[in-house]
Amino acid sequence: MKIEVLIDVKTTLGEGPLWDAAQERLYWIDSFDGRVFCATKDGHEVRAWDVPQKIGSMAIRKDGTGAIVSLQRGFHTLDFKTGDVELIHDPEPGLEANRLNDGKVDRRGRFIVGSMDTKEEGPNGGLYRLDPDFSVTKIDTGIICSNGPCFSPDDQTFYFQDTWAGEIWAYDYDIGTGSVSNRRTFAKVDTSKGGAADGSTVDAEGFLWNALVYDGRLVRHAPDGSVDRVIEMPVKKVTSVMFGGPNLDILYVTSMSKPPLPRFPDDGQLRGSLFAISGLGVRGIEEPRFGS
């Protein structure tokens with residue numbers, strides 16, 4: 001196994017690594033600075049787009065010409081050619097302290113995104129589904145900080161976590177309708193070192209990888225929730241993970257350079273870097289695009 005800095009871009013809050021297999025390009029975001037990045041698998045040809053608000057996550061559109069982005073105030077489109085950003089729908093117009101956060105696309109092209117209380121104090125957030133026709137449905141409530149949505153390889157389980165709940169949840173997922181049910185505890189999260197569950201992905205073997213933010217560890221959970229493997233990272237504030245590269249065997253890891261609240265730890269020179277881990281002997285699953 002080899003951990004290396006792919007790009008030392010110093011994102012304030014790096015998040016949401018997304019490998020688009022058709023383009024063979026890696027996307028990621030800076031949530032606080034409102035920026036979308038793109039690069040090759042080895043960190044070259046970097047480009048960026050500015051968006052007008054804080055950004056929680058993104059999904060590449062079916063034709064590859066742009067993305068759907070979950071901004072502070074709702075779902076928007078982003079045109080890669082012009083950089084134009086247009087509102088689709090704000091599901092929480094009366095909740096000014098909230099913003100949309102982490103999201104993933106299911107294998108029918110729907111974008112599942114959760115919201116969060118920006119002070120990370122109250123259960124004011126929800127979980128939303130944006131369908132290809134741009135209709136929006138709320139599918140869960142009572143969330144403080146939404147993170148880590150991802151799907152099992154057979155599409156029957158949706159994983160998700162409220163970062164400060166101390167556990168990762170599993171839901172039964174209906175791929176035909178995009179509905180969730182039977183929320184239950186999938187795994188308890190070790191918060192003894194001040195860490196919390198952040199971004200997640202599922203590999204081709206059905207194991208879930210989770211970034212423990214503020215703890216500097218990546219944890220691989222078996223399908224029964226047990227801990228299979230732990231990787232110590234060179235920074236504490238790791239935020240999310242995604243497999244990519246032509247063979248889907250590189251694990252990309254984002255991090256933040258500045259904690260959102262003063263109680264969280266600082267990191268050294270490598271803070272905010274985008275990391276690549278090779279030699280894991282594990283492959284990921286190709287991420288779907290948004291749209292039908």
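Mentor: Strands E4 and E5 pair in the antiparallel sense, and four bridges join them. Please keep in mind throughout that this is a predicted model.

Trainee: What is the order of the strands in the open sheet?

Mentor: The sheet is open and has four strands, with antiparallel pairing. From one strand to the next, the twist averages 20 degrees. The order of the strands is E2-E3-E4-E5.

Trainee: Which strands stand at the edges of this sheet?

Mentor: An edge strand has a single partner strand, so one side of it is left without a neighbour in the sheet. This applies to residues 14-20 and to residues 47-50. The strands at the edges are therefore E2 and E5.

Trainee: Which residue in E5 is the bridge partner of Val36?

Mentor: Val36 belongs to E4, where it is also the bridge partner of Ile29. Strand E4 pairs with E5 in the antiparallel sense. In E5, the bridge partner of Val36 is Trp49.

Trainee: How many bridges join E3 and E4?

Mentor: Strand E3 covers residues 25-30 and strand E4 covers residues 35-39. The antiparallel pairing of E3 and E4 runs over five bridges.

Trainee: Which residue in the hairpin of E3 and E4 takes a positive phi?

Mentor: This hairpin has four residues between the strands. The phi in question is near 65 degrees. The residue that takes it is Gly34.

Trainee: How many of the five residues of E4 are buried?

Mentor: A residue counts as buried when its relative accessible area is under 20%. By that cut-off, strand E4 is mostly covered. The number of buried residues in E4 is four.

Trainee: Which element gives the largest share of the lining of the largest cavity?

Mentor: The largest cavity has a volume of about 140 Å³. Among the 17 residues that line it, the closest to its centre are Pro17, Leu18, Met58, Gly103 and Lys104. Two or more lining residues come from each of E2, E6 and E10. The largest share, five residues, comes from E2.

Trainee: How many charged residues are in the lining of the second largest cavity?

Mentor: The second largest cavity has a volume of about 80 Å³. Its lining includes Lys104, Arg107 and Glu287. By class, there are five nonpolar residues and one polar residue, and the charged residues number three.

Notes
Residues numbered from 1 in each chain as written. Predicted model: local features only at pLDDT ≥ 70, side-chain atom pairs only at ≥ 80, totals over all residues. Heavy atoms only, no water. Pairing = 2+ DSSP bridges. Axes fitted to C-alpha atoms, helices over the stretch in contact; angles between N-to-C directions. Buried < 20%, exposed > 50% of the residue type's maximum accessible area, 1.4 Å probe, protein only. 1 Å grid on protein atoms, 1.4 Å probe; cavity = no way out; pocket = protein on both sides within 12 Å on 5 of 7 lines; lining within 4 Å. Points joined across faces, edges and corners; volume = space filled by probe spheres on them. Nonpolar A, V, L, I, M, F, W, Y, C, P; charged D, E, K, R; others polar.
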